[in-house]
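Here is a short report on charged side chains. Look at the sequence and the structure, then read on.

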Amino acid sequence: MHKLLRSLLLLGCLGSFSACGIIDMVYLPPAEDTAQEIYEAGTDAMAEKNYVRAVELFNKLRDAYPFSPYITEVELALADAYFLDGEYALAAEAYKDFESLHPRHAAIEYVIYQLGQSLQNQFRSIDRPTTELYEATAYYDRLLQQYPGTKYADAAMQKKAECRRYMAEHELYIADMFWHMEKPGPAWRRYTYIAENFKDVPDVAQHAASKSVVAYSEYTEQFNEERREAREGTWKDWFRWL
């Protein structure tokens, strides 16, 4: 009788434990991923070129574990993920944030170069504004001044030359637009500006210089004609008054 009672009690306890386990599995939230697990998943996504997933994971780690030892690497990896995904505006902001937070980091030279590229890659065509190109050039210049002779400085010199060409071609596009609109005065001024300020893009500068001569001649002729018409108009008005 005692043995039977003990067996029944044991079965009851086991049943209770099983029921508790089932309840836990159904109702309790799953355990959170650790910072290391999220970081490793993010780096795996980067290796697989799944940059959207990498961005999602790195942002999750930043939000959930802001004091994690992985956080600095994650901030830089997030900027790289944006860049590789072609989200250049977001990449530029992320690189700027990283530099602001970690100005003495060993990767700052790389960050400055990537900042320049992120800005440069936002430029689409010569008929669009060149604000990002001017900003990119400033970062390339900074890299050349602070880290001369390095691999990133050499690359920055080439990228700066690309920016300067795009900028010169943009100015030439505007000058030609004035010319075709039969506005030789603004065209002449713009051609002259190109010839004087883009000597490092010699073919564009020389073409602008030759066009400025023609535009200036047309401008002076137009100006003199307008003065003559204004003068004759005054005389005609005087005779009409008589």
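The text below covers salt bridges, then a charged surface patch.

This is a predicted model, in which local features need pLDDT of at least 70, side-chain atom pairs count only at pLDDT 80 or more, and totals for chains, interfaces and linings use all residues. Residues are numbered from 1 along each chain as its sequence is written, and side-chain values use heavy atoms, with hydrogens and water left out.

**Salt bridges**

Side chains of opposite charge can pair when their charged atoms come close. The structure holds 10 salt bridges. The term means a side-chain nitrogen of Lys or Arg within 4 Å of a carboxyl oxygen of Asp or Glu. Three of these pairs are tabulated here.

| Pair | Closest N and O atoms |
|---|---|
| Lys 160 and Asp 141 | 2.7 Å |
| Glu 162 and Lys 159 | 4.0 Å |
| Arg 165 and Asp 203 | 2.8 Å |

Take the salt bridge of Lys 160 with Asp 141. Lys 160 sits in helix H8 (residues 151-180) and Asp 141 in helix H7 (residues 131-146), so the pair ties together parts that are 19 residues apart in sequence. Helices here are DSSP runs (H or I, at least four residues), numbered from the N terminus. Lys 160 is partly exposed, at 25% relative accessible area. Asp 141 is also partly exposed, at 25% relative accessibility. Partly exposed lies between buried (under 20% relative accessible area) and exposed (over 50%), with a 1.4 Å probe and protein chains only.

Glu 162 counts as partly exposed at 33% relative accessibility.

Arg 165 is partly exposed at 31%. Asp 203 is partly exposed at 44%. A network of salt bridges links Arg 165, Glu 169 and Asp 203.

**Negative patch**

Glu 37, Glu 40, Asp 44 and Glu 48 form a negative surface patch. Patch residues have over 30% relative accessible area and no salt bridge, and like charges are joined within 9 Å. Asp and Glu count as negative. Each charge is placed at CG of Asp or CD of Glu. Glu 40 lies in helix H2 (residues 35-47). At 38% relative accessibility, Glu 40 is partly exposed.

How values were computed
Patches are made of residues with over 30% relative accessible area and no salt bridge: like charges are joined within 9 Å, nonpolar side chains (Val, Leu, Ile, Met, Phe, Trp, Tyr) within 5 Å. Accessible areas come from the Shrake-Rupley method with a 1.4 Å probe; for residues, only the protein chains shown count as cover. Helices (H or I, at least four residues) and strands (E, at least two) are DSSP runs, numbered from the N terminus.
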